[in-house]
Every structure is written in C-alpha cells, then in structure tokens.
Amino acid sequence: MTGHVLVAPDKFKGSLTAAEAAAHLAAGLRAAGREARELPVADGGEGTLEAALAAGFGRVPVTVCGPTGKPVESAVAVRDGVAVVELAAASGLALLPDGPDPLGATSRGTGELVAAALDAGVDTIVLGVGGSACTDGGAGLLAALGARILDATGDPVSDGGAALAQAVRLDLTALDPRLRKVELVLACDVDNPLLGPDGAAAVYGPQKGAGPREVAALEAGLAHWVRLVGSAPDVPGAGAAGGVGFAALGVLGARRRPGIEVVLELVGFAEHLAGAALVVTGEGALDAQTLHGKAPAGVAAAARAAGVPVIAVCGRCEVSAAELAAAGIREAHALVDLAPDRCLTEAGALLRRIGARLG
C-alpha cells in the first residue's frame, strides 16, 4: 500500500476524545511501518471546537454563563477570519453541575461565545449545535447579544424555557450591530421544527430531564415565544438545540448546513485526503444514527467521492456489513470484539492494537 493513512475519527464518548482516538490509531499504524496523518473530526456537536483547534485554529479563552448560570471556562476557535463556536462548550448537558434543569437551563453562554467571536473581528461564525441542556428557544442566546426580553412590568424575564410564558415584549433595538456584518453558519444535522410532536420540547426535552409536565410547560413557552419573535417555527432545524436553531435562523439570519460538511471544510479534509491510500474513521458506536449525518458517514462519503477506501473503528457496531457498504465503509472493527470487559477502560490500547493490525 502506497500513500498515507488518514486517521479521521470522531470522539469515543465516555472514553476518548477524537484527538486521543486519532493519536492511538495513528500510533498503531506507525508501529506497523505506515505513514499516518491525524485529523480528528466532529459532526458540528460536541467536539467541534476541539477538532478546529487540532487543525490549527487559535484558542481564544472565554468565561461564560453555563446552562444553570454558573460561570464556565470555555473558548472559541479563530483562524483566517473564521470563528468556531460550540454550543456544548457553554450550554451543554455535560456542564450541569447539579443534574438536569429542563425548565431553567439557558443558552445565554452560547450567545456570549458568539459575542467573543465578534470581538475577534471575524467575517464568518460557525455555530455548532448539539448536546444542549436548554429548551429556551434561543432566548438566552439573543439576550447575551443585546436583545431585551421583557415581562408585563418591563423587567427582563428569567432565563430558561419555562420563563418564556411570562414574556410580553421582544426588543431587538440593541442587538449587536456587528451581527449584520458577519456570515453566521448553523452547523446542524437536526431538521426538527420548533413546535409539535417532532419539536424541541417533545423530542429532546426528555433527554434533558423533562417529564410530561415539563415538556408541556416548555411547549407552551416556546409557542408563546414564537408569537413574540414572529418567525416561522416549522423551518427545518428550528428545533435544534432546544430552539437555538429557531433564534439563529429566524432572528440572526443564519444559514443551516450539515455539520460534518462544515467541519470537514474547516479542518481541510480534502487537502489531507489527497494522496491517501486509506481513511480510518470511527466513533464510540456505529449505529443507525451514524448512517444519517454523523461524522463517520460524512467522512466516508467524502473519501468515497475521491476514490479512497474507508475502514471504521468503533466501540461497538450495531449495523450490518451491507449497511456499512452502502455508506462507503468497507469494514468495521469494534473494541468490544477484542475485549468486551475492557473496551471503555482500555480503549486507547485497544485502538493501538487495531491500528497495528490495519497497518
């Protein structure tokens, strides 16, 4: 085999970041005498910031409001006029110190990251959404950027999706004017509307700790919020990240694009693919979701278009060989098949073994 092996995995959730997974796989390949290039990727959700930083973007640290109001140390990635903002790094489920807060969690910190990106003087802001803790319709995002969401007494409403029912006025006059001068890209694979049985509250609320009563309260708050904002709630992607998609698309004029496509452009996947003999991708679980827009499927599609074969590595594989082939993946190697009792605790060592075997 001539040419290098391009190692482009997503994270192995619960055990390894994408960069760590790439490093272990590459180490195994090099031990077998192969040239390996590491290029960790993400699908626009958690890990997108890390993928940009690994590809050479500069890290701009920012302290922001976490999903429950407590400060969170976060960052944006900046290079050549482009900033990468990861919602999960400010308003994510992993940042809930005291457990779920479905009614009160806010996207305010994500808005503060967008403001930091504006401060960096960029022309384009990529907003990767996924893994959010909030269902606030993007109200917190807008408030952090200068919008005023007021109750009947003229005071700002509290953060969180439940409080939206108390809002009577949305004042956008102080919205950061720099937003009009940048291109905002919503990196998102979710096409859910904001409201209804396929909407943000009904589908994703339970994942954020909402029971039936909380889902009903959030749905009512979001429906009221739609009337204040005046934008269409049924635009594909409006339900992303608890309605952050609704605010980004309907108020900030964002353009929605598939997350993995955006990330592959950001990290220069096409340039690294040139001359490659093989691509190794993967993630913690290869399942039905993988085949619908997740990182390994996007990597495989791009590699297949260039005529480069693809092998996947995963913690466990829940799809058939035929389904993998249809997605452009020649074969899959699962850690659970090597050591079912150690695939989480020793994932790195197992990936090195697979890398050596592939080499």
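Leaving aside neighbours within four places in sequence, which residues is Ile311 in contact with? I began my entries with this point.

**Entry 1: basis.** I note that this is a predicted model, in which local features need pLDDT of at least 70, side-chain atom pairs count only at pLDDT 80 or more, and totals for chains, interfaces and linings use all residues. Residues are numbered from 1 along each chain as its sequence is written, and side-chain values use heavy atoms, with hydrogens and water left out.

**Entry 2: Ile311.** I took contact to mean heavy atoms within 4.5 Å. With neighbours up to four places away set aside, I found Ile311 in contact with Leu278, Val279, Val280, Thr281, Ile329, Glu331, His333 and Leu358. I placed Ile311 in strand 12; strands (E, at least two residues) and helices (H or I, at least four residues) are DSSP runs, numbered from the N terminus. Ile311 has 8% relative accessibility and therefore counts as buried. The term buried means under 20% relative accessible area, exposed over 50%, and partly exposed in between, with a 1.4 Å probe and protein chains only. I also looked up Thr290, which is 21 residues from Ile311 in sequence and 14 Å from Ile311 in space, C-alpha to C-alpha.

Entry 3: I traced an open sheet with the strand order 2-1-11-12-13 and parallel pairing; two strands pair if DSSP finds at least two bridges between them. Strand 2 (36-38) and strand 13 (331-334) are at the edges with a single partner strand each, so one side of each has no neighbour in the sheet. Neighbouring strands here are turned by 25° against each other on average, direction ignored. For such angles, axes are lines fitted to C-alpha atoms, for helices over the stretch in contact, and angles run from 0 to 180 degrees between N-to-C directions.

I followed strand 11 (residues 276-286) next. Strand 1 (residues 4-7) pairs with strand 11 in the parallel sense over four bridges, with Val5 opposite Leu278 and Val7 opposite Val280. Strand 11 also runs parallel to strand 12, joined by seven bridges, and Val279 stands opposite Val310. Because 10 of its 11 residues are buried, strand 11 is largely enclosed by the rest of the structure.

Helix 11 (residues 295-305) lies across strand 11 and strand 12 (310-317), at about 160° to strand 11. I recorded strand 11, helix 11 and strand 12 as a right-handed β-α-β unit; right-handed means that, with the strands pointing away from the viewer, the path from the first strand over the helix to the second runs clockwise.

Entry 4: I traced another open sheet, ordered 3-4-5-6-9-10, with mixed pairing. Its edges are strand 3 (58-65) and strand 10 (255-257), each with a single partner strand, so one side of each lacks a neighbour in the sheet. Strand 9 (residues 183-187) pairs with strand 10 in the parallel sense over three bridges, and Arg256 is the bridge partner of Leu186. Helix 9 (residues 259-266) lies across strands 4, 5, 6, 9 and 10, running at about 90° to strand 10.

**Entry 5: cores.** I used nonpolar core for a set of buried Ala, Val, Leu, Ile, Met, Phe, Trp, Tyr and Cys residues joined through side-chain atoms within 4.5 Å. The largest has 55 residues, of which Ile125, Val129, Leu145 and Trp225 touch the most other members. A second, separate core of 27 residues includes Leu39, Val267, Ala295 and Leu324.
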